[in-house]
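Hi,

Here is the structure I promised to pass on. Have a look at it first, and my notes follow below.

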Amino acid sequence: MTDNLSYRPERTLNITATDMAVLFSLNPYESPATVVNRKFDPQPLYAPALRRGQLFEPAVLEAFKIDMGIETIRNNNVTFVLENHRIAATPDAFAANTVDKIVVEAKSTSSKRFVKWYLEPPLYYQMQVQTQMMVTNANKGYLGALEAGDPLECTYRFVAWEINRNEQLEEMMKLETIRFWDCLKNEEKYRANSGMKKEAITLLSQSRTLLYPNDPIEFLVCDISEEGEKVRDTLVERLKTT
């Protein structure tokens, strides 16, 4: 399968929302070198996770509607560019019938990984949504994930987080993007800044709120997996300290 978005000039000539997480070392599956390669030599992308995400995206958006009553409008792969900053983003959708402008990002994941979403969504997805909000000038974002495992084993649980814009983080993203392009222009090797990673993680933790479900422990009662028990125990401990 070919990801046609990979070849779009607005993506190869700009830092995308996916790239941004890599520049801050928040994506454990990619390194800054992969971002450099994508800009100089974009290649067709194929990965089972990518295909699953594209196939399940409509289902995740439907879960927003069924479970939370949130209607969405699909973005249809329109890429937005933050002029003068060489940053681009392609949100999956926008919330419909709202006063605020809200980006919606739809994810799907295995049952084992899904339960961790009750604690927090992956950092690289949070950074992706932060970038999307900045580029589209949205007020906030919704990041949702649908359990997508074996139909005989999973119950298609759904979880959603609200991501709030963080101006301090946005300034960091703009500065890091400038540094990235300056390194390429001067033919210098781009290296991620470990200090910025720590600061970004702190800011991301201050910018998210669990939207759904209201009581995730209820959805973990029947989860007898080792990972499910760990997450349940962590949530119980959090409740004791609040």
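**What I found**

Let me start with E170, which sits in helix α7. This is a predicted model, so please read everything below with that in mind. Is E170 buried or exposed? Its relative accessibility is 6%, and because the cut-off for buried is under 20%, E170 counts as buried. Leaving out residues up to four places away in sequence, E170 touches M134 and R165.

**The overall picture**

The protein has ten helices and eight strands. Of its 242 residues, 48% are buried. If you take contacts between residues at least 6 apart in sequence, 70% of them join residues at least 24 apart.

**Around α7**

Helix α7 (residues 167–185) has two helix contacts that I'd like to point out.

One is with α3 (residues 32–40): the two axes come within 12 Å and cross at roughly 65 degrees. That crossing is right-handed. On the α3 side you'll find V35, V36, K39 and F40, and they meet F180, W181 and L184 of α7. By type, the residues of this contact split into six nonpolar, no polar and one charged.

The other is with α8 (residues 194–205), where the axes come within 10 Å and cross at roughly 150 degrees. Angles over 145 degrees count as roughly antiparallel, and α7 and α8 are therefore roughly antiparallel to each other. Here the crossing is left-handed. From α7 the contact uses Q168, L169, M172 and E176, and from α8 it uses M196, E199, A200, L203 and L204. Those residues divide into six nonpolar, one polar and two charged.

**The sheet**

Six strands make up an open sheet, with mixed pairing, in the order β1-β4-β5-β6-β7-β8. The edges are β1 (72–74) and β8 (208–212); each has a single partner strand, so one side of each has no neighbour in the sheet. From one strand to the next, the twist averages 30 degrees.

Going through some of the pairings:

- β4 (residues 93–95) and β5 (residues 102–109) run antiparallel and are joined by two bridges. In this pair, F94 stands opposite V103 of β5.
- β5 and β6 run parallel, with eight bridges between them. The bridge partner of K107 in β6 is A145.
- β6 and β7 are antiparallel and pair over seven bridges. The bridge partner of G141 in β7 is I163.

How many of the residues of β6 are buried? Eight of the eight are, so β6 is largely enclosed by the rest of the structure. Both of its faces are covered: K140, Y142, G144 and L146 are buried on one side, and G141, L143, A145 and E147 on the other.

Setting aside neighbours within four places in sequence, V129 is in contact with V103, E105, G141, L143 and I163. Of these, L143 is 14 residues from V129 in sequence, and the two are 7.4 Å apart from C-alpha to C-alpha.

A few backbone details are listed here for when you go through the loops.

- The peptide bond from Y212 to P213 is cis, with omega near 0 degrees. P213 is in the loop between β8 and α9 (216–220).
- S25 is not a glycine, yet its phi is positive at about 55 degrees. It belongs to the loop between α2 (17–23) and α3, and with a relative accessible area of 29% S25 is partly exposed.
- N84 is likewise not a glycine and has a positive phi of about 70 degrees. You'll find N84 in the loop between β2 (80–82) and β3 (87–89), where its 80% relative accessibility counts as exposed.

Cheers

Conventions. Residues numbered from 1 in each chain as written. Predicted model: local features only at pLDDT ≥ 70, side-chain atom pairs only at ≥ 80, totals over all residues. Heavy atoms only, no water. Axes fitted to C-alpha atoms, helices over the stretch in contact; angles between N-to-C directions. Helix = DSSP H or I, 4+ residues; strand = E, 2+ residues; numbered from the N terminus. Left-handed = near helix turned anticlockwise from the far one by under 90°. Contact = heavy atoms within 4.5 Å. Nonpolar A, V, L, I, M, F, W, Y, C, P; charged D, E, K, R; others polar. Pairing = 2+ DSSP bridges. Parallel < 35°, antiparallel > 145°, perpendicular 65-115°, else oblique. Buried < 20%, exposed > 50% of the residue type's maximum accessible area, 1.4 Å probe, protein only.
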